[in-house]
Amino acid sequence: MSEIEKSYEDFISTVSHELRTPLTSIRGFSQTMLSSWDRIDDESKKKFLKIIEDQSNRLINLVENMLSVTRISSGRDNLLLKETAIKPVVETAVSIVKSQYADKKFEIQIDDKTPSILADKDKFLQIMTNLIENAAKYGDTDSTIIIKSGFCENCEFIGIDVINTGIEIKEDDYERIFTKFSRIDNPLTRKVQGSGLGLYITKNLTEKMGGKISVKSEKQKDEKYLTTFEVQLPASNVEKQARAKCSL
Ligand SMILES: Nc1ncnc2c1ncn2[C@@H]1O[C@H](COP(=O)(O)OP(=O)(O)OP(=O)(O)O)[C@@H](O)[C@H]1O
Ligand SMILES: [Mg+2]
């Protein structure tokens, strides 16, 4: 088998596996509700429906990732840029990832005064889901994943950090991980599923919206590594600020 055939087969098997897991869960919970409707209390019904919603969102994210790759290579990707509040999107992304990584802890530290960004809401959700999913997938089991954004007056860009403790990303890999199909060769990456497309798409979408993305991995006192992915997206009031300046 040629190299291309091999990577194509690996890709199909990864995608099928990742599609099957949420589909199995959606089918399971719908079947349970249909067959035992009268025996399930309202609280549980709500819980099951939330799982179905989260798993469907996870599927959408997966399919969006697949579609993004073809859109990126063909240069077609329509963005709908609008004033977007950061916190609700981050909350949805956390809920999607949590449904898959129930043992992980998540902390959202987003200031109520954090300004809105100018972004395509669905693509921003895709960006956040990819980063938070990576933090859960590659972070230490007992570590808390932090999603942070502060208050910034008159800032042109708003930074959103996704932080986890875990294995080191070496400086040599800082750029490479954002390229197509690239995965770092370490025992953990070999153990967990992934197609190596998440960060490639995330970077592409961020840059299309006029933003930037970067990573740094720093050694802590306890010898563990603190990894921070920072996304910077344009503040939605930049235009207003610019206009205000002109009229001065
Ligand atoms: N938070 C992190 N900590 C350590 N390594 C990471 C982290 N995020 C990404 N990586 C490394 O970067 C690689 C590329 O990540 P990327 O999200 O593009 O692909 P993936 O997670 O392998 O697959 P998928 O396409 O399903 O997202 C990963 O395989 C992993 O080796
Ligand atoms: Mg990933």
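**Entry 1: a loop residue, and ground rules**

I started at Glu-223, which is exposed, with a relative accessible area of 54%. For the cut-offs, I took buried as under 20% relative accessible area, exposed as over 50%, and partly exposed as in between, with a 1.4 Å probe and protein chains only. I noted that this is a predicted model, where local features need pLDDT of at least 70, side-chain atom pairs count only at pLDDT 80 or more, and totals for chains, interfaces and linings use all residues. Residues are numbered from 1 along each chain as its sequence is written, chains are lettered from A and ligands numbered from 1 in the order in which they are written, and side-chain values use heavy atoms, with hydrogens and water left out.

I placed Glu-223 in the loop between β6 and β7. Helices (H or I, at least four residues) and strands (E, at least two) are DSSP runs, numbered from the N terminus. Phi of Glu-223 is near 75°, a positive value in a residue other than glycine. Most residues other than glycine have a negative phi. β6 and β7 form a hairpin with five residues between them.

I then looked up another positive phi. Asn-154 has one near 55°. Asn-154 sits in the loop between β4 and β5. With a relative accessible area of 58%, Asn-154 is exposed too.

**Entry 2: the sheet**

In what order do the strands of the open sheet run? I read β2-β4-β5-β7-β6, five strands with mixed pairing. β2 (105-110) and β6 (212-219) stand at the edges with a single partner strand each, so one side of each has no neighbour in the sheet. The twist averages 15° from one strand to the next. Angles run from 0 to 180 degrees between N-to-C directions, on axes fitted to C-alpha atoms, for helices over the stretch in contact.

I went through the pairs, where pairing requires that DSSP finds at least two bridges between two strands.

- β2 and β4 run parallel and are joined by six bridges; Lys-105 stands opposite Thr-144 in β4.
- β4 and β5 run antiparallel, with three bridges; Lys-148 has Asp-161 in β5 as its bridge partner.
- β5 (residues 157-166) and β7 (residues 225-234) are antiparallel over ten bridges; Ile-163 stands opposite Thr-228 in β7.
- β6 and β7 are antiparallel over eight bridges; Ser-214 has Glu-230 in β7 as its bridge partner.

Next I checked the faces of β4. Ile-145, Ile-147 and Ser-149 make up the covered face. Thr-144, Ile-146 and Lys-148 make up the uncovered one. In a regular strand the side chains alternate between the two faces of the sheet. Helix α3 (residues 86-100) lies across β2, β4 (144-149) and β5, and runs at about 175° to β2.

**Entry 3: Thr-227**

The side chain of Thr-227 makes a polar contact with the side chain of Ser-217 at 3.1 Å. A polar contact is a pair of N or O atoms within 3.5 Å; within protein, one must be able to donate a hydrogen and the other to accept it, and residues adjacent in sequence count only if both atoms are side-chain atoms. Leaving out residues up to four places away in sequence, Thr-227 touches several residues (heavy atoms within 4.5 Å), among them Val-162, Asn-164, Ile-169 and Val-215.

**Entry 4: the cores**

Which residues have the most contacts inside the largest nonpolar core? I found Phe-124, Met-128, Ile-132 and Ile-147, in a core of 42 residues. Such a core is a set of buried Ala, Val, Leu, Ile, Met, Phe, Trp, Tyr and Cys residues joined through side-chain atoms within 4.5 Å. Helix α4 (residues 121-138) gives the largest share of this core, seven residues. Met-128 touches Val-90, Ala-93, Ile-147, Ile-160 and Val-162, not counting residues up to four places away in sequence.

**Entry 5: helix α1**

I ended on helix α1 (residues 3-36), which has 34 residues. From its first C-alpha to its last it reaches 50 Å, close to the 50 Å expected at 1.5 Å a residue. The expected span is 1.5 Å times one less than the number of residues. Its buried residues include Thr-14, Val-15, Glu-18 and Ile-26. α2 (42-74) is included in what covers the buried residues of α1. Ser-13 lies in helix α1 and, at 46% relative accessibility, counts as partly exposed. The C-alpha atoms of Ser-13 and Ile-146 are separated by 31 Å, and the two residues are 133 residues apart along the chain.
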